[in-house]
Amino acid sequence: MDSTNCKLSVAIVYTSVSGNTKELAEVIYRIFLTRSVVIAIYSIEEFSLSDLSHYDAVAIGTYTWGNGDIPKEMLELYQAFESISRKDITTAVFGTGDSIYPMFCGGVDQFRDMLYVHTNLAATLKVELRPQSQDVQRCEKFVESLLLRASMHRYPPVNAVMSQ
């Protein structure tokens, strides 16, 4: 990322089989467009893992496969975050699922737990099936949480810098 650019750089990386998670990613993307950030959205097939370090923040969107598992197409991204272990990258994870399954949005939970250990995790969002109008406010809070955490990490308060 160009150090002369003061805007946070954010990537949304998602996978979707039914279209629900893609729709949720697009809702979140539209909210980011109203903020003062550089935003990019990628399906997992379009995203190069080597680009992870180019972003201040990454929002990951996943569905859940089988009995609460991460879908196979997301495993490389999961392993990349697990191996880089970079607290300077702020992350968030979102996904869609069906609460009739015992591990509702289990893929989101697995990403959340790993990201908490290896990155600067800011937020988690789970949506039942496809996003509804009542989910938009939750998406806005998700975006705000991610941006706040990323901003605080990139630009720590003056008191925190002076006390070091």
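Biologist: Which residues lie nearest the centre of the largest pocket, and how many residues line it?

Modeller: A pocket is found on a 1 Å grid over the protein atoms alone: it is an open set of points where a 1.4 Å probe fits, with protein on both sides within 12 Å along at least five of seven lines, and lining residues have an atom within 4 Å of a point. Here 19 residues line the largest pocket, and Thr64, Thr96, Gly97, Asp98 and Tyr101 lie nearest its centre. Helix H1 (20–33) and strand E4 each give two or more residues to that lining. Helices (H or I, at least four residues) and strands (E, at least two) are DSSP runs, numbered from the N terminus.

Before we go on, this is a predicted model: local features need pLDDT of at least 70, side-chain atom pairs count only at pLDDT 80 or more, and totals for chains, interfaces and linings use all residues. Residues are numbered from 1 along each chain as its sequence is written, and side-chain values use heavy atoms, with hydrogens and water left out.

Biologist: What volume does the second largest pocket have?

Modeller: A volume is the space filled by probe spheres set on the grid points, which are joined across faces, edges and corners. For the second largest pocket that gives about 170 Å³, and for the largest pocket about 310 Å³. Among the 12 residues lining the second largest pocket, Tyr55, Asp56, Arg86, Asp88 and Ile89 lie nearest its centre. Helix H4 (residues 135–154) gives the most to this lining, with three residues.

Biologist: Which residues of H3 are buried?

Modeller: Buried means under 20% relative accessible area, exposed over 50%, and partly exposed in between (1.4 Å probe, protein chains only). In H3 the buried residues are Gly106, Gly107, Val108, Asp109, Phe111, Met114, Leu115 and His118. They pack against strand E3 (57–62), helix H2 (75–84), strand E4 (90–97) and strand E5 (120–128), where contact means heavy atoms within 4.5 Å.

Biologist: What does the side chain of Asp109 make a polar contact with?

Modeller: A polar contact is a pair of N or O atoms within 3.5 Å; within protein, one must be able to donate a hydrogen and the other to accept it, and residues adjacent in sequence count only if both atoms are side-chain atoms. The partner of Asp109 is the side chain of Arg112, at 3.1 Å. Asp109 has a relative accessible area of 16%, so it counts as buried.

Biologist: Where is Cys105 found?

Modeller: Cys105 is in the loop between E4 and H3. Its phi is positive, about 55°, although it is not a glycine.
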